[in-house]
Structures are given as structure tokens and as C-alpha cells.
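Hello,

Please find below the structure I promised to hand over. My notes on it follow.

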Amino acid sequence: MSNDQRDPRRAPIGRRRFLTTVGAASAVALAAPALGRAQAREVKVGYMLPVTGPLAFEAQLALNGLLLAVDEINGAGGIKSLGGAKITLLPGDTQNKVELGNSEAARLIDQGVTALIGPFSSLVAFSVRQVTEKNKTPFLLLATVADNVLEGGLHYCFRMQPNARAMATLTVSNMMEMAKNAGVAIKRVAIMHEDGNFGTTMGNHVEAFAGKMGYELVQRVPYNLRSPDFTAELSKVKAARPDLLVISGYYGDSKIIAETAAKLRIGVHALVGLANAAYSNPKFIADNRELTEHLFDGNYWHNPQSPRARAVFDAYQKRFSSTMSNHGVQGYQVLYVLKDALERAASTDREKVREAISKTNLTDHILTQDAIRFDEAGENVNATPALLQVQGGKPVVVGPARFVEAKPVFPVPKWKG
Amino acid sequence: MAGRLGPLLAVAALAAVPPLLPKYVLEVLISVLFFGYLGACWNILGGYGGQFSFGHAAFFGIGAYTSTLLFLHLGVTPWLGMVAGGILAAAFGLFAGYLSFRYGLRGPYFSLVTLAFAEMLRVIAVNWKAVGSSLGLVVPNRGSAPVLFLFADKLPYYYVILVMALGALAITRMIERSRMGYALAAIRENEDAAEAAGVDALSTKLAAMALSSFLTALGGTFYAQYFAYIDPSLTFGPAISIGGLLPAIVGGAGTVAGPLLGSFVLTPISELTRAVLRGRAGADIMLYGLILILVISFLPNGLVGWFRSRRPAAGRAA
Amino acid sequence: MTWLFLQAVVSGLLLGGVYGLVASGLSLIFGVLRIINFAHGAVMMLGMYASYWLFVLVGLDPYLSILVTGPLFFVLGMLIQRIVIEPNRAAAEHNQLLLTLGVALFFENLALVLWQGDFRTVRVWYSGASFLVADVLVEVPRLIAAGGAVLIALALWGFLRTTDAGKAIRALSEEPEGARLVGIDVARIRGVAFGIGSACVAVAGALVTPFFYVAPDVGESFNIMAFVVVVLGGMGNFLGALVGGFIVGLAESLGAAFLPGSLKQLVVFGLFVIVLLLRPEGLFGARRGR
């Protein structure tokens, strides 16, 4: 993958650009509010992603989705109700730091963006949402899962993807349902999760469902994602003899956990990722064919039945020479939610765009769900994660029933060994 | 003459200009003052006393968590909570300091032990449900409530951190001219010689530790109120420890204005490198790292030290 | 329960060998230069990328890549010391520490610019190899890494004891003033020490690539742990660091097996603080250390 895909407006950084940028940095910021209205032929949209720092890899995948959608929209004549105005993406890098989230958001708002997309990490979202609320700027969350980000009566904040609760509920219930159909009882569940906000939230849900869903949580192991070895943790899990091992983690840690679990003959019916950054990631699967076969993952996904999704995947493959990941799908789709709102608002006015987003009823999308609609809090009421399984080196949808591509292989013989 | 007028003009400008600034510049200024404040707190122990703490995040986190927990559970206004947090942090500082100094840890050993204390607190916070574990704590902010340290606008926060930063500088200046200041400087230059000359090194260092940790904790409360969210890695993580010591050293460790000056240089540099190299992930921080190396190499005594060396006559006085 | 204990001990020891080699390099640098090198993890990361690329582009096995990366990183280490650290020898101790922090920032983000944030893996035929001894899992690449780390550390230790350069390094580490008086070229030896330290950590990086992953911030997985190990072994004590590595590996692994939550880190840091306070010269040191 070459570097050129990172920024649509990227030019070689010459001396001239350096000088103009340095000189203009403060001046632009000062004059920015005026600029916002000056050009009706473009719609400025700011993204804020941690493209440097610990989440750089995942953030880049999401950014690729945004870039793909923007070029597609602009290539097809821009926003029609705005006289074919083109969308201009203004970049922001949070480095996964809270204070940068704030200043980047303020900078983008000063530069006259109509809406903001981001910021990936929930930690950063908590403070950015204050900036967007105070400045009455629509804020479309991307990849942010923490349940309580939308609490507190926000008006300008929307979330297209499932939140942690939806993700955990549907993944676990899909798994239980599948087990019932297969005539296998799941009584004992174990979870390993990274010990940050994301993993802990997932762990809490899986623990809370235990009573309701009729299983016992026999082991819950939070871990530091930088740890270079998980053998002891997995041995603890193995000793608890679970039927199912759920794993909520990022890429590197999840890789090592799956490898060690295999070698340790962990002895479960299945290994299930929960919003796992690796287990349905095409690159991970391609790099680890044997290991990943028949892994499950509950994650946000695209609708495999949709012809449009197929076209989007082809376009992505052509442009980035890799298979589109679920983060790419989210980036792509969230930009179309905004596009749809812009068309209906026929304005770049933030208030009108907010109004339009809140009335979204988008059926032409590539997700595994019914129409995209937002409730009072800004959550997508129909957001549904898919249950995936790697089959033949490809993640396929095995639940929910409406979107199923293939029958699940369950129990997975190799994990039972 | 100019030496007196300069700072006054600077303070006047800092007080008068911000209402006119765009949001972005205001955010950056708040960042500058915030890290300048942390630098000033660190400076009391690290700059003047030569005790190079690498774990001031411990005190910062204690401050942020104490005031926020008191606010969320008991409704105590963070204005009071921040004092409570400061006292707790000072107590912890005395504890950690007593252990370290009592056992004679100096130089890199002291740095490492403070780093370890901060990391331990982080791990404890991650695993402790009652303080929110990794889910962190959200400070509910529904509009303006000055009594509760909540403002609808950014500007009041700016003035709060401005007063805090200037206050920290004023305290530093008082210490510099006090007996404690001389004792600290003597310890920094040569602890054994200082003790031989009758300086009570242990209690002097402990006093500096307590004050430094008390003030750092206040910064934690500011952070919680301003960013409205805290979690273990944000508050107890190494980023905060480094964020405080870096401006102090770049500006001039052991000088009154150094930390703030350092922050006024570092934060804009990081904003500029990001603006220039935007869209090429990593290039900006790479450049920042390079600039950091150059600044430390060519200004070994910080910005203040550099100014002084250019005005040798005036420099000796302070 | 016995099984869990045995498994934790075995995997702790296997991890400990790698910690030991990483920390030996750090300890050597500390002994001679008296600075905490925050760039150590970043150098390891670069070493891992070097092995990765040698594998991908030339098909060189990661273990054999040591023959290339070892000397290469020895030179890199010398260059870092010569260009960045040595000119600032006269400056305050903490300035040098910050310099290494700047170097770390620079390297980590250089990697991000050059190779993006992708996680890369080296899959060699033995990557997945493992065997069971009485139901206890032993992963072959981890075993090789631990064994290799110990061998290399011992070889270097022998080097330090027998050769002139090695003796000079030890002299400088133990009696800086004396070393200067007997006419040792102090600046050169400091460069050599930084070079050897960097080569050690690059080799450690090569040893872990078959079972780990490579990414710009991967060094952080080993960085803080290496500080802990160095203190346990006694700062500047090369062999002590190797033993310290095993202690930390064991503590971590047993903590993970028998403590709730992610508290295993607490054990390690607790151990660290206790040793710092009670035996700052390290568990095996006899001399001054403060």
C-alpha cells in the first residue's frame, strides 16, 4: 500500500508549501469563520482519526473508507441539491490524545466544516462531544463503541454503528441461538478482554448477560494489550473448562491469544471475537490461514447480499490493493449518511444539516440492518452487528438469519482437541 | 527596568487578548498554560531540588480522581474537591518521598521509583471497579455552573488555568528567594556538601515534594473539569509525567519562568509540525522529536539559560 | 492447580530469557553512560523491522538475520551515541535522558512514515511448532528465543571479561575516574557500549519476530519491563540483568495465573519498588549503586 492514499489533497511537501502553511497557520485560523460561508461550491467535512499513535493501523482502514466514499460522491457529481457542490475532507489527527481531540475539533470548526466525523477512540470522544455541542456542529461518531458517549442529552452527536451493548447482546445471543440449533449446550463461558475502556465495557456486558442467557461466566481475564505473552492467562482459562471463549481485543494481542490458545489445546466449542480487531480482518486471515479458519467474530459488517456492497469492495480492492475491512465499511457508510442528509438539507448550515441527520431514514446502505434511523439520543435504532465465521479463508456472515451467507461450522472440531 | 516591564506586559496580554481569539487558538493556549502549569509544579522538585521525578502523573491522577469522585458521589464542588485531592496527593507524595529519600535514592533511581509508583496507581485504578475501572469517569456538564467548576464556554477555563499558572510561578518565585530555595539549590548541586553545611536535606526535599504534588493534583482537577472525562491511562499514564517535565526542561529547569516559556514554545511547535505535515501520519511527531533533540543539544540550560547567557551581566542576578 | 503452576513457570521462564537479553543491553548502556535509555524499545522495534524485511525481501531466516542486524545495530548504536549523546556529555543528566526520549519519538514515527501502522508477521515453518511435556506447553520459537538470548548474553559476558575493549567497558562502568586516569579512550568506549547494547536489543528483536508481530510501537511491550529488569539485576550489571529477566518473566506469568484482573503488572512493579528501596545496587550487586 503506498502512502499516496492518505490525504486527498496531499501534494509533495516543498519549500513553498512549508512556508505558506507556517505563515498561514495562525492567519487562517483567524480568518476561518468568514471562509466558511464564502464558497458554496464545496462542503467541508472534517475527520478526526488517530492516524498516528497506537491505533494508527485501524484508523487508516477507516480513513480509506472515507476517502473512497468522498471520491465516489464527488465523481458522481457531488451534492446535487447544492448545485453539485463537492465534498472536501479536512484532515485531523488526534494521536489518540484527548487534548489534541479538542484542539483539532476546534480548528476544524474554525475552518468552517459542516460536520465532523471521528474520533475512533471513546476516550477522545468524551471531550470532543463537548466541543461539537458547544459549537452546534453535527458530529458523526466513527468506530466509537462506549455506551455512555451519547448520554447526557446531546443534540449534535450521532452514532451509526452498534454501541457496545448492542454489539455484545447480539453477538452472545446469536452464539447461543446457533448452539441451540446445533444441539450443543453452552453452560460455561470465559472472556478475555483488553483492560482499556473498550475491552472492559465488553467484559461487563458479557458478565451481566450471564444470568439472563443461562450461562455461567467461569473466567474473566482482563489483560494489558502490550503484554508479550498470554500463556499463563490462557492456561487459567483452560483450567476453568469453558464451552466458549470470547475475546475482545485489538490486533496484535488477539493474534497472539489465538495462536497460543491453539497450541494450548484450549478445548472449547469455539473461539469467538467480540468486536475483535483481528478475527474478521482480511489481512489477519490472509496472514494466518490455518489458524483463523472457523474463528467467529461478532462485529459490525457489510451486507453480503447487497450488490452495492460488492461493487464497493471491488472499488476498494482496486484502489488500496487490499480487501475492505469493517472499519473501511463504517467509514464509507457514515459518509453516505452525511451525504444523504446534505441532499435533504440542501444547505451547508450546521443546524439544518443536524436537523436532516436526525430525520435520516436511509435504506440504500451496505450494512447488515434495516433502514438507518436515529433515535433521540442519536443512536442508530436498527444498528445490528453480524456474526461472522472465517470459512475457506474468508469471513462470511452466519447470523442474523436474514443476511446469512453460509451455515456455521459449530462446534469447531479443532478447538475441542 | 525592562526586566520588570516585560513580564507585566506579557501577563496583561494574556489576560486581555483571548476573548478576541478564534476557538482553535484558544484551545491551544489552554493547552500551553495547562502544560506550563504542570511544568511549574514539577519544577519545584525537579528543577530547583534536582529530584528528577518521572511519575508526577501519580499526583495528577490522585487530584483528578479525588475531586471527580467527591463530585459524582457526594456532590462536593470540585473547587473544594481539588483542595482535598491536593492534600491526598501531598500525603502520597510525602509517603513516596519519605521512602525514596530515606533509602537514599538519587538521580535515575529516584526517576524510576516515581515512574513505578505512577504505574502502580494506574494498574490499581484499572482494576478497581468503585473508581470506575477502565470505563473512566464522566463529568456531567450541562451548561454553566461556576460554583461547580463548570462553564458553558471555553473562556472561563482559560482564565482559571491562567490564574493557576501565574500562581504557580509566583509560588516558585517566593520559594526561590526563601531559605528553602537556597537549601534546595544546595542539595541539587551537592547533597552531601549541603548536609555538611547544615541543610536538613530530607525535610527540605520532602517539603518540595509535598508542595509539588499538591499543586500537580490541582492540575488534575482542572483536567477533569475541562475535558469532562478521566480514565486511568489518561491521568496516571506517562504522557502526563512527560508533559510536565518537558516544558520545564526545555524552558529552563530551576528558573521561575522556564516552564511556561517552554510550554509556549513546545505546544506551538507540535501544532505547527502537525499543520505542515498533515496527512502523512507520523511525519509530524518525527519532526517534533528531531526538534526536541536539537533544542536540548543547543540550549542545554533551556530557553531561560540561553537568554541569560546572552545577557551575562543581568543573568547573574537571578 | 499444579498444571497451571507448572505451565506458568515454564512460560514465564521462556519469556524471561528475552527480557534478559533486552535488559542486558540496557544495563550495559546504563553502566557506562549512567543514563536511562528511553530509546531502547524503539531500537528493538527497528531491529524487528530489519529482520522482517530481510525475511520478506531476501528470504533470510530471522535467526540468521542476526548476523546482519547485530553488526548493523552495533553501528547504529555507536552513531546514536556519537551524534546525539556524546556532544551533550557535559550537560545535566536529565538532558541526556530527554535526548533518548527524542530519539525514541523520532524512530517510532519514522517507522510509521516508512511502513505505516500495519501489523506485520514473519511466518516461518517453525512459527507454530510446539510440544507438550507432561501436558505443559512449550512453544519452540519461544524456547529458541529464550535459549538464544541466554547464549548470546553469556557470549557477550565472556567478551566483556576477556577482551581489552570489554575490560575497558567494565572499568568505565565500575570506576569512571580510574578508567580515565589509566588512559582509556572514554568517549570511544562509551560508543562501543551503546553499540553493544543496541546490538543486543536488535538481536532480541530478531529472536521474537517468529512468534510476535512487528509494528511501530511494538518496542513499548518490552521497554518499561526492561527498566524493571535492569534494576533487579543491578544497574550496569550485565549478568544480573539476565537473571533479573527470568525473575520478572516468572513474576509476570505467575501473577497472570493466580491474580484476578490484570494485576500481574502490580506484582512486577511492586517487586521493582521493593528492590529499589532495599537493594538499589540490585539483587546481585555488592558495590555502591546509588
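**Notes on chains A and C**

In strand β2 of chain A, Leu90(A) is the bridge partner of Gly46(A). Strands here are DSSP runs of E with at least two residues, helices are DSSP runs of H or I with at least four residues, and both are numbered from the N terminus. The model is predicted: local features need pLDDT of at least 70, side-chain atom pairs count only at pLDDT 80 or more, and totals for chains, interfaces and linings use all residues. Residues are numbered from 1 along each chain as its sequence is written, while chains are lettered from A and ligands numbered from 1 in the order in which they are written.

Strand β1 (residues 42-49) of chain A runs parallel to β2(A), and eight bridges join them; two strands pair if DSSP finds at least two bridges between them. Between β1(A) and β2(A) the chain passes through helix α2 (residues 56-75) of chain A, in a right-handed β-α-β crossover. Right-handed means that, with the strands pointing away from the viewer, the path from the first strand over the helix to the second runs clockwise. Of the eight residues in β2(A) (residues 86-93), six are buried. A residue is buried if 20 or more other C-beta atoms lie within 10 Å of its own, with C-beta atoms placed from the backbone.

Chain A also has an open sheet of seven strands with mixed pairing, in the order β7-β6-β8-β9-β10-β11-β12. Its edge strands, β7 (216-223) and β12 (394-399) of chain A, each pair on one side only. Strand β6 (residues 188-194) and strand β8 (residues 244-248) of chain A pair in the parallel sense over five bridges. Opposite Ile191(A) stands Val246(A) in β8(A).

Now to chain C. Chain C has 11 helices and two strands, and along the sequence the pattern is α-α-α-α-β-β-α-α-α-α-α-α-α. The radius of gyration of chain C is 19 Å, close to the 19 Å that the globule rule gives for 290 residues, so chain C is as compact as a globular protein of that length. The radius is taken over C-alpha atoms, and the rule is 2.2 Å times the number of residues to the power 0.38. The C-alpha atoms of chain C fill a box of roughly 60 × 45 × 35 Å along the principal axes. Of the 290 residues in chain C, 61% are buried.

Regards

Key:
Buried ≥ 20, exposed ≤ 12 C-beta atoms within 10 Å, placed from the backbone.
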